[in-house]
Amino acid sequence: VHLPNIEEWCMSNYKKFSQCLERSVKHIFTHLFKDPSIDEVFEDVAFTKGKTVLIEMDGTVKGVLRIQLPDATIKSLAKTIDPDAKGKSAAATAEDVTGEMGNLIAGTLVNQLQYINHSIRLFPPEFGDDLIGTTTLYENVSMTFGSVYGVFNVDLFYKEK
């Protein structure tokens with residue numbers, strides 16, 4: 001019986017998690033937002049203004065999904081998610097859109113992960129970027145996506161139990 005070394009094992013799990021994450025994001029944008037152009041981009045996309053949502057996960061995988069949306073992407077998505085949001089403040093709309101994106105992507109990711117024998121419970125979205133301990137003790141899949149709505153970052157910090 002061949003047992004993979006730890007490096008091979010981590011790499012194969014990294015690949016599985018990154019594929020599940022990519023499929024989840026593409027599914028949401030292709031089917032819900034009717035944007036088949038969604039794809040991972042490999043340029044370094046940094047932004048200073050925007051919102052960050054964290055979705056904590058627990059189960060056979062423990063970790064956090066972090067989604068960072070720049071203001072321009074939030075504004076573009078808001079028009080599609082809630083076209084009648086004229087009465088809401090920009091801050092309330094931004095938080096609603098960011099939270100909803102977190103819920104959609106996290107829920108679809110958990111659905112994908114069940115096919116590789118994971119059972120995960122999600123917690124409500126939290127806003128901010130407080131990842132103390134998670135970024136150093138967990139594996140990380142980091143992706144940047146581009147769509148007709150704009151660019152955004154998605155990070156999955158995880159460890160298997």
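Two notes before we start. Residues are numbered from 1 along each chain as its sequence is written, and side-chain values use heavy atoms, with hydrogens and water left out. In this predicted model, local features need pLDDT of at least 70 and side-chain atom pairs count only at pLDDT 80 or more, while totals for chains, interfaces and linings use all residues.

Let's begin inside. In soluble globular proteins, nonpolar side chains tend to be buried together. A nonpolar core here is a set of buried Ala, Val, Leu, Ile, Met, Phe, Trp, Tyr and Cys residues joined through side-chain atoms within 4.5 Å. Buried means under 20% relative accessible area, exposed means over 50%, and partly exposed is in between, with a 1.4 Å probe and protein chains only.

The largest nonpolar core has 36 residues. Which of them touch the most other members? They are Leu21, Phe29, Leu65, Met101, Ile105, Phe152 and Leu156. Several elements each supply at least two core residues, among them helix 1 (6-32), strand 3 (61-70), helix 3 (90-113) and strand 7 (150-160). Helices (H or I, at least four residues) and strands (E, at least two) are DSSP runs, numbered from the N terminus. Helix 3 gives the most to this core, with 9 residues.

Take isoleucine 105. Leaving aside residues up to four places away in sequence, Ile105 touches Leu21, Ser24, Val25, Ile28, Leu65, Ile67 and Phe152. Contact means heavy atoms within 4.5 Å.

Now helix 2 (71-81). Thr73, Ile74, Leu77 and Ala78 are buried there. They cover an arc of only 135 degrees around the axis, so they sit on the same side of helix 2. That arc is taken from the directions from the helix axis to the C-beta atoms. What does the face turned away from the buried side carry? Exposed residues: Ala72, Lys75 and Lys79.

On to the rings. Rings of Phe, Tyr and Trp (its six-membered ring) pair if their centres lie within 6.5 Å; planes under 30 degrees apart count as stacked, over 60 as edge-to-face, and the rest as tilted. The count comes to 6 aromatic pairs. In one, phenylalanine 17 and tyrosine 158 have ring centres 4.3 Å apart and planes at 55 degrees, so the pair is tilted. Phenylalanine 17 is in helix 1 and tyrosine 158 in strand 7, 141 residues apart. Both are buried.

Phenylalanine 29 and phenylalanine 33 also make a tilted pair, at 5.1 Å centre to centre and 45 degrees between the planes. Phe29 has a relative accessible area of 0%, and Phe33 has 5%.

Last topic: charges. A salt bridge is a side-chain nitrogen of Lys or Arg within 4 Å of a carboxyl oxygen of Asp or Glu. The structure holds 4 of them.

Glutamate 22 bridges to lysine 26, with the closest N and O atoms 3.0 Å apart. The two are 4 residues apart in helix 1, about one helical turn. Lysine 26 is partly exposed, at 27%.

Aspartate 155 and arginine 66 meet at 2.9 Å, N to O. Aspartate 155 lies in strand 7 and arginine 66 in strand 3, so the pair ties together parts 89 residues apart in sequence.

Finally, salt bridges that share partners join Glu22, Lys26 and Asp39 into one network.
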